[in-house]
Each structure stands twice: as structure tokens, then as C-alpha cells.
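Take a look at it first, and then we can go through a few details together.

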2 protein chains.
Amino acid sequence: MTLFSFRRAWWIVFLFILTTIPPSLQHNRESITEEEVEHHHHLFRNVLIIMFVLLLLNILTAWVLRIYHIVIVHETGLAMIYGLITGAVVKYSLPPEEQEISKACMFTVKNDNIPAILHATIDNKTCAYGLLNVYDTDNPDLPQPQLVDMLIFNSEIFFYIMLPPIIFFAGYDLRRRHFFRNFGSILFYAIVGTIISCFVISGIMYGYVTKIYPIPGFKFVDCLLFGAMISATDPVTVLAIFQHLHVDSKLYALVFGESVLNDAVSIVLYSAILTYSPDMSESENGFDGAAFFELLLNFLWIFLGSFGVGCLMGLLTALISYHDHFHDKYLSIFIIISYLTFLIAEAFHLTGIVAILFCGIIQSHYTYKNLSAESRTRTKQTIEMISFLAENAVFSYMGLSCFVFPYHRFYMGFVVFSFIAILTGRLCNIYPISFILNRARQNRIGYRLQHMMLFSGLRGAIAFALAIRNTSSKVRQLMFTTTVVIVFITVLFNGGTTTMMLRWLKIKLVLDIE
Amino acid sequence: MTLFSFRRAWWIVFLFILTTIPPSLQHNRESITEEEVEHHHHLFRNVLIIMFVLLLLNILTAWVLRIYHIVIVHETGLAMIYGLITGAVVKYSLPPEEQEISKACMFTVKNDNIPAILHATIDNKTCAYGLLNVYDTDNPDLPQPQLVDMLIFNSEIFFYIMLPPIIFFAGYDLRRRHFFRNFGSILFYAIVGTIISCFVISGIMYGYVTKIYPIPGFKFVDCLLFGAMISATDPVTVLAIFQHLHVDSKLYALVFGESVLNDAVSIVLYSAILTYSPDMSESENGFDGAAFFELLLNFLWIFLGSFGVGCLMGLLTALISYHDHFHDKYLSIFIIISYLTFLIAEAFHLTGIVAILFCGIIQSHYTYKNLSAESRTRTKQTIEMISFLAENAVFSYMGLSCFVFPYHRFYMGFVVFSFIAILTGRLCNIYPISFILNRARQNRIGYRLQHMMLFSGLRGAIAFALAIRNTSSKVRQLMFTTTVVIVFITVLFNGGTTTMMLRWLKIKLVLDIE
């Protein structure tokens, strides 16, 4: 039987169809519903196509840039720019018909709260709808193209699917980064530095919104939230460049460790402030000791709880790794347990990102050592690949959201003051803490390294994730827009000039282990 | 700097917070919205937790079963049973409060069509909702717990995320399976056999719904659609057992090849019939040559188009694999291109499953050979892992949907006749085609192998996927329920007794390459 029978078979198919088709084929009235169901599938599919074409474009362009040794635009910056362009094209090129359909389904529901699932009876069919986003009503251009709405719904996917692998890999990769040698310093920078940064930023912004340019509805709690979210520095961009350039290993360890743990601290701060905010109604004015104590307890509970969940689940994988009965399924089990760490921490109202970070650190410390050489390589490569894809997706999505998100509130003064605030916050973080640390450290942190740490405090995915999780009020929308602008400028400017800065500060570009 | 400074740092944090907290913290009214946004996040999170705990349970139980050499319940059957139990627990254990909320948001919209995105003004906030599902209205217990609705929304995820990797891996793995040695026979079984099966089944069912037990609204087109969807046999379960037992390689090649390609043919048939159905309105009675010719063209266009897209994208990866500049990103690029194959084919109204299948076959034939030994292992292992996870998720989801899907229509007679129909269809497929093939083949297909092929025609993921894509009408709901029952019984019964059957038919259980 050769390939030739392929052709023969086709003729038999034709003949067969000709003889089998029955005489009476009746009209099917379901076709309209069929089309409607298909339409929804198409929306979902188009979103997927946009995301995956963006991913492919990024990787291929980064490849070409690397061949020609162009390092001005980094992969993450590239992903953001591509996302930005795609967002603009999608938003402004969609036909007006789609907008008509969307406008037709505006209606008002009287309900005490906003349900997550809505049942609407349309055309004698009952349709279940899931909440995608909540906006303020007083914006005139509300109903927008359906594809755009579908793209925004990804904020859930962003937080639950794209972010965890990046953070997990950051934790898993810490071992190689001289992390534990500088553990004390890193922890000090991360915890004390982030808290300083958060309060300095919120102080400056509170001054701005009350004294210089009053924004109604902007409470001190909002300033605190903004300070916490914008204090999270991004480990991805600068470090990808550092790695590429084989920078001084101490700088590497400090910057990487600081930016990873600082994310954890700022997320915990954010959550603690959020839980604390309803209690402030009790003390309209003046300092409330009880409420403050609660904030403190919250911070401790969320941090230690997330740390505990992460460590426990990490140790569970270490236990499983002793049994080598099902080595071919190891990787699947590790990935599932690590991801469950994130979800379980979230279910306990802790922060999943912090839990999965520590789960990664524990795994790199214990589980990794139990694995065979082959399993180690395989595990690391697979996690690295997933993280790489997620990272690209995250920055593409950030670019995309710039045009696609419909309720941007851009206040020039607020943005400028935010920049002043984050710079001040960073100054009050790096230099004083380095000064204190240098009194204890034998191996001092030089001024050049301090300048470089100041410079590499760019904002990225975590700040964005905290900002996009809730954009329901005007204040939140203002905070979101400002965060997007800060992320864009710092990633493109600081990310693009890191090489220049390293050269200017005369920091050694070879890997030397002290 | 040792770990000791960790404790010191904590005290500084405490002192710092104590001195930094400002005197006036005002009431924040956004807290209600905050909770609502969180509530929606929680739903999404709970669905993820359910799915991942199910996955972990499956893998761990399968591991324990393998240690004790229990092969009666296969992994896929296990996944279905676990899913079934979880679905029942979720459905019947949820508190009535949640149902109250859901009932409160029933309302009627007058609109010509069902929009994919709905904007509702609730409590002065505008909320964007995305369509999850469409049902008929005359069912009394309509609003159900929100979590259940969230679980159903996965039918989109099922088709677009879980299914493609399984089919891709099936194609990618064909090379090892003596597939091309028996290519002619496999193609003949797949194309002619599936078409025979489809028309035999639809003929019997049409006889049932018109003569024996008339079901109003059940048109001949519906019978054809049902015939096409239920003709797809599942490659996953039986072959996992075959592989485990090292069965005769010819049987392996025939059963695996047939079941993989037969999926492709039945999906194409289904799509062709779907596109054809609106045209039938023109010919109320009697055979319409033009409409039939269109069905034929459709079948050819969809099959050849999907085949073409798959081959082109597969060859693209082969071209890229010649360049070894970015070998560390190969795997990401292959995965993205393969997945885009699926999406692009869907965008051209072809069938993505068929395209990704052929993309996998082409890659295993050309791209694979260009890779280094290390890349080959890595690529295969990664794809295998993704496929393994997806397979487990698919069967868990099938089990889950059994209780969670709210509009089951179980007609005993319809189910019994469906079993008679699929058995007859399988009989008319295997034996006549084997008879024809044996006249051409030098290496004959023995009766025992034919019996075994008849037995291993169990139904699985593809039949389920085609059935769940549209459950908007009563006819479709009946078809869906029947498909679920058939999938359950064949997977559990045929899957569970395969070993027994092989022993009974005295089929060699060692790998002998002829």
C-alpha cells in the first residue's frame, strides 16, 4: 500500500457522498443562534491571535536586533512598543457597526451590588454573562468596540496567568545570583527601603493633592495605596541587560535581590493598606492607635502568612522529589504545586505573588538538589521558557492597554509630581540604607554601585498589576494612567540607557566573583 | 552581614512605621467597590483552584495505581470520575445565598441578536459583561450558583486552550508509530470509514426521531451533525493502554492513525454540514443538486484548506529550524507558530484542529530532523508534558460538566438508539474497509485485529468538544447529553476492559516490528 492509494481513496469518497446523500434535507432554523455562538468564539479567538502574533513578532525582532548587536531597545521595551501600536490600530481601525451593536445593549439594573454573573433574557434565550470590568458612568464614549472590551478582560489573565511564572522563575533563579551571600543587605533594602519609599511618595503626593492642586475624592489612603504600588521596582528589564553584559556580581545580586523582594514588600503593604482602609471611617480625624495597630498586624500577617504558605508548598515539592518513581511526571507536579501555592495564598487573602516567590526560592534551595542532573536542566529550561513567554506577554499587554483602556485620566501635574516623588523616595531609600549597611558590611557598597542602584529602580509589571486590579473610580483611573506613564518612561528611558550609565559610572563589565 | 540583621531590620521597620504614620486618615468610600471587584476575582480564582487540585489529584492517584499495578481504571477514566464527583459537590454544596444574588439579576432585553459584550449600568457604575453561555428560557431552575456558571464558561478554554496541544502532540508523535508504513490503509479507514459511519449513524437516528419516537424540531441536518460529531473516535485512552502494554505494532499504527485522522475527517464533515445547513431552506423537499454540490465543495475546501494551512506553517518551522542563531528560543517559537496555526485556520473558517494536526505531522517529519539531539529531546519532552496536562484537564472537565451543565436532556431511547447506531456505524466501517484493503495489502489485516479495531472505537474529547460548542437549542442539548453519556460509558467500559479484550483475542503483547 503506497501513497498512490491516497488518490484512489479520494475518488471513492466522492462516489460515496454522491450515493449516500438523502433526498430530503429540511430547513434548519437554528442557524441564527449558530452564527451568534460563532461570533462570540470569534472574539475570543481574535484576542488570542493578537496576543500570539505580538509574541512571535517580539521574539523574531529581538532575534534580528541581537544579530546586529543593537541593545538600545530591550526585548521588554520592544514588547511594550509593539503592544502600544497594536492597541492603537485595534482601537481606531474597528468598524463603527460593532460599536452600534454595543450601544444597543446599554440598560440599567437596580441592584445593591454588582453581580459577577448576570443572567439576561435576550430574544427568548437566557444568556449568562460574566463581569469583565467596572467603570464610572459619567464618561460619554462608553460603549466601545467589542474586541477592545475583550482585550481589557485580560486583566484577570494578566494577574492570574502571566504574572506568577515570572515571579516564580525570579525566585527559582536567585540561587545562582549570589543572593544568599548578600541576604541581610538585600532584606534590609527591600523591607526598610520599600517602606521608606512608600511613605515618602505618599507624603509628597498627599501634599500635592491637598495643597498644590486639590483633587476631590483623593484621600490619604489613596496616596498610601499609590505609594505602595509605585514603590515596586521591576527586576525584569535591567537585569536582562545586566545578564547580557556580565556585570559585577555584587551589583547583580543587590539589584536583583532588592527588586524581587521589594515587589513582595510593596504588594504586602498594598494589601495591608487595602484591608485597613474601611477601619478609617471610625477615626475621622487624628491618629487612631487601634487602626494603626491593625495595619501593622495586617502587614505582619500577610507577609508571614504568604511566606509560610510559600515555604510549606516548597518543602512539599522537596518531599515529593525524594521519590523517584514517577520522574517523567515530576515537572508537571512541580508546576502544578507551584501554581497552587499562588492560588491557595490568594484564597487565604494573602498575596499569591509573595507565596510563589518564596516557593521558588525554597525549591531552588532544596528540591533542586534532590533532582538528577537531567531533571535539573529540564526543569530549569522549562520554567525559563514559560517565564520568558509570560514576560513578553506581560509587556505586550502593558503596551496594549495604553490605548485600549477607555478611562485614562491624564493629569500632567500629577504625573510630574509622581516622578519627583518616586525619585525622592528612591533617594531616601538607597543612600541612607547603604550608609547604614556599610557600617556593618565588611565588603562595602561603593558610591558607584549606589548610583547604579538608584538608576535601576525602574517600574514595571507589579506596579502595573496592582494598578489595573481596580480601576472603578476616578481616583483609581488617575492612579492607573499615571502608573502606565511611569512604567513606559522608566522602562524605555532607564532600560534603554543602562549600558550607557554603566559605562559612565565605570562599573566593571566582567563577571568577577569576590 | 549575616541573617542576624534580619531581626534588627524588623525593629527598624516597626519604629519607622510608628514615626511615619500621619495624624489624619480619612474614610474611604470606595471600599464597597473594592469588595465587589475582589468577589469577581475570587470566582475566577476558585475555578482555577478546582481545576488544578483535580489535576494534582489525578496525577498522584495514577502514580499510586501504577505502583500497585492496577490498570482497570485508566488515568483518563480516573480524571473523568474525579471531575464527576467534584462537579456534584460544587453544584449541590454551594450556599443558597449565592443563588439569591444570581436570581436578582434576571431581566429582559429586547434586541435582535445576542451581543458578545453587554454594558449594564448597575448602581451608577457601568459594567462590561462577556457572554458565557446561551440557554433556552423554558427551564425553571435557571439561575444557578455563580461558581457553576463560571465553570461552564470553560467550554471556550476547552476548545481553544486544552484541545490543541493534545492534537498537536498526536500528530507530532505519529512518526514513531509506523504511521507512514500503513499510510494508505489509515487514510482509507479515516476518510471513507468516517463518512460511512457518519451517514449510517445519521440514517438510524433519523429513522428513530421520525418513525419510532418523534422528537419535534429534530431535522435531518441535526441527525447529520450528530452523526459527524459522534463518529470521532478518541485516540487518547486506548492508545495510552496499548503503549503501556507494548501491543502489536501494526495494530498500534492502524488504531492510532485511524483515530487521529478520523477526528480530522469528522470535524471537517461537521463544519461542512454546518455551513451547508442554511442553504437547505431553498429546497424544502427533494434532493437539491446545487446545495449538495456546495456541501461537497465545502468538505473539500475545509479539508484541503486546513491541510494547507497546517503544512505551510509546519514548513515555516522547518525553515526557521535551519538557522541556529537562537536555539534557546526555538521551542518558544515552535510552540507559538504551532498554536497560531490553529488560530489562523479558525480565522479562515477552516478547522484549527485539522490544521494543527498536520502542522504536527509535518514538524515531526521535517523540523525534527534539523534539530540537534538535545533540542529534539527537549522539544519532545516539553510538548509531551503540555499534552499530558491538557489531556488530564480535558477529561476532568468532561467529568465536571456532567453535573455542572444545567440543561441536560436525557432521553433513554435516544441514548440506546445512539449506541446501536454507533455500533452499526463502526461495523459498516471496519469490516468492509478491511475486506477491501486486504485485497490490496500484502500484509493482511487479520480478523482479530479487526475485532480489536471495532472494540477500540471509543468516543472522547473531540466528540465532546463538537457537542459543547453549541448547546443553545433543545435539540443541541439532547445531542450534548447523549454524547456525554456515550463518552462516559465507552471510556470507562471499553477503556477499562481493553487489557481483557486483548488477552481474549490472543493479540501479542510484545513489540514486534514486521
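## Helices α17 and α18 in chain B

Let us begin with a pair in chain B: α17(B) and α18(B) are roughly antiparallel, as their angle is over the limit of 145 degrees. That angle is about 165°, and the axes of α17(B) (residues 461-468) and α18(B) (residues 474-496) lie 9 Å apart. Axes here are lines fitted to C-alpha atoms over the stretch in contact, with angles running from 0 to 180 degrees between N-to-C directions. Helices are DSSP runs of H or I with at least four residues, strands are runs of E with at least two, and both are numbered from the N terminus.

The crossing of α17(B) and α18(B) is left-handed (the near helix is turned anticlockwise from the far one by less than a right angle; clockwise would be right-handed). Ala463(B), Phe464(B), Ala467(B) and Ile468(B) of α17(B) make the contact with Met479(B), Phe480(B), Thr483(B) and Val487(B) of α18(B), where contact requires C-beta atoms, placed from the backbone, to lie within 7 Å. Seven of these residues are nonpolar, one is polar and none is charged.

## About the model

This is a predicted model, in which local features need pLDDT of at least 70 and side-chain atom pairs count only at pLDDT 80 or more, while totals for chains, interfaces and linings use all residues. Residues are numbered from 1 along each chain as its sequence is written, with chains lettered from A and ligands numbered from 1 in the order in which they are written.

## Helices α8 and α18 in chain A

In chain A, the axes of α8(A) (residues 220-230) and α18(A) (residues 474-504) come within 11 Å and cross at roughly 25°. The two helices α8(A) and α18(A) are therefore roughly parallel, a label for angles under 35 degrees. Their crossing is right-handed.

On the α8(A) side, Asp222(A), Phe226(A), Met229(A) and Ile230(A) meet Val475(A), Met479(A), Thr483(A) and Ile486(A) of α18(A). This contact holds six nonpolar residues, one polar and one charged.

## Chain A and its helix α12

Chain A has 18 helices and three strands. Of its 514 residues, 55% are buried, meaning that 20 or more other C-beta atoms lie within 10 Å of a residue's own.

Helix α12(A) (residues 330-347) is largely enclosed by the rest of the structure, because 16 of its 18 residues are buried. From first C-alpha to last, α12(A) reaches 25 Å, close to the 26 Å expected at 1.5 Å a residue. After α12(A) comes His349(A), with a positive phi near 60°.

Key:
Parallel < 35°, antiparallel > 145°, perpendicular 65-115°, else oblique. Contact = placed C-beta atoms within 7 Å. Nonpolar A, V, L, I, M, F, W, Y, C, P; charged D, E, K, R; others polar. Expected span 1.5 Å × (residues − 1). Buried ≥ 20, exposed ≤ 12 C-beta atoms within 10 Å, placed from the backbone.
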